[in-house]
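Colleague: I have the model open on my screen now. Could you walk me through it?

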Amino acid sequence: MNIGVKLQRVNEENFIWVVYFFIIIAALLSNAYEKYFLETGDYRKQKIFRTLNITIFSVAFFIYLYFLVISYQNVQELRETSTKKEVLSAHLQLIASLLFLVAGGIALVSEINREDPNTDIGVV
């Protein structure tokens, strides 16, 4: 992989870190609304924190999808001269990315279908 592609990926990852910063803020805000809902029973707050959670999980899902695509591209770029360690590392990164995507998808579907506000899942 040439240096231009590597630099582009670093810039894209920097953008993802900024997105994660906003995810953290949204998660803290969601927790505040959930706490208020649990204390008061105000169902408007429940709708707000569920909407925030679904948004967080949706954004995370697409970030995981991006990393899966990058990992797949890394596997495709392996050469016959690649060492066994490089091949193993690229495949393990692909598997890890796939598992994160699956977990993110399950968390998203779970949050969408959650009816009981007492059933809580953590933000991945």
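This is a predicted model: local features need pLDDT of at least 70, side-chain atom pairs count only at pLDDT 80 or more; totals for chains, interfaces and linings use all residues.

Colleague: Start with the fold, then. How many helices and strands are there in the chain?
Modeller: The chain comes to three helices and zero strands, and reading along the sequence gives the pattern α-α-α.

Colleague: Is the chain spread out or compact, judged by its radius of gyration?
Modeller: Its radius of gyration is 19 Å, whereas the globule rule gives 14 Å for 124 residues, so the chain is more spread out than a compact globule. The C-alpha trace spans about 65 × 25 × 15 Å along the principal axes.

Colleague: What share of the residues is buried?
Modeller: Buried residues make up 30% of the 124 residues in the chain. As for the surface, the chain exposes about 8700 Å², and carbon and sulfur atoms supply 66% of that area.

Colleague: And among the contacts between residues at least 6 apart in sequence, what percentage joins residues at least 24 apart?
Modeller: That figure is 68% for this chain.

Colleague: Let's go to single residues. Where does I23 lie?
Modeller: I23 lies in helix α1, which runs over residues 3-40. With a relative accessible area of 10%, I23 falls under the 20% cut-off and therefore counts as buried.

Colleague: Which residues does it touch, leaving out those up to four places away in sequence?
Modeller: On that count, I23 touches I56, V59 and I63.

Colleague: What about E34, is that one buried or exposed?
Modeller: E34 is also placed in helix α1, and its relative accessibility of 9% makes it buried. From I23 to E34 there are 11 residues in sequence, and the C-alpha to C-alpha distance is 16 Å. Taking E34 with Q8 instead, the two are 26 residues apart along the chain and their C-alpha atoms are separated by 39 Å.

Colleague: And K35, buried or exposed?
Modeller: K35 has its place in helix α1, but at 53% relative accessibility K35 counts as exposed, because the cut-off for that class is over 50%.

Colleague: Which helix holds N53?
Modeller: N53 lies in helix α2, residues 43-76, and with a relative accessible area of 7% N53 is buried.

Colleague: What is N53 in contact with, leaving aside its neighbours within four places in sequence?
Modeller: The contacts of N53 on that basis are S30, E111 and R114.

Colleague: How far is N53 from V18?
Modeller: The two are 35 residues apart in sequence and 18 Å apart in space, C-alpha to C-alpha. V18 itself lies in helix α1, and at 44% relative accessibility V18 counts as partly exposed.

Colleague: Changing topic, how many aromatic pairs does the structure hold?
Modeller: The structure holds seven aromatic pairs. In one of them, the rings of F61 and F62 have their centres 5.7 Å apart and their planes at 85°, so this pair is edge-to-face.

Colleague: How accessible are F61 and F62?
Modeller: F61 counts as partly exposed at 24% relative accessibility, whereas F62, at 55%, counts as exposed.

Colleague: What arrangement do Y66 and F67 form?
Modeller: Y66 and F67 form an edge-to-face pair, with 5.3 Å from centre to centre and 65° between the planes. Y66 is partly exposed, with a relative accessible area of 21%, and F67 is partly exposed at 26%.

Colleague: Last one: which residues form an aromatic cluster?
Modeller: F37, Y43 and F49 form one aromatic cluster.

Note on methods:
Residues are numbered from 1 along each chain as its sequence is written. Side-chain values use heavy atoms; hydrogens and water are left out. Helices (H or I, at least four residues) and strands (E, at least two) are DSSP runs, numbered from the N terminus. Buried means under 20% relative accessible area, exposed over 50%, partly exposed in between (1.4 Å probe, protein chains only). Contact means heavy atoms within 4.5 Å. Rings of Phe, Tyr and Trp (its six-membered ring) pair if their centres lie within 6.5 Å; planes under 30 degrees apart count as stacked, over 60 as edge-to-face and the rest as tilted. The radius of gyration is taken over C-alpha atoms; the globule rule is 2.2 Å times the number of residues to the power 0.38. Accessible areas come from the Shrake-Rupley method with a 1.4 Å probe; for residues, only the protein chains shown count as cover.
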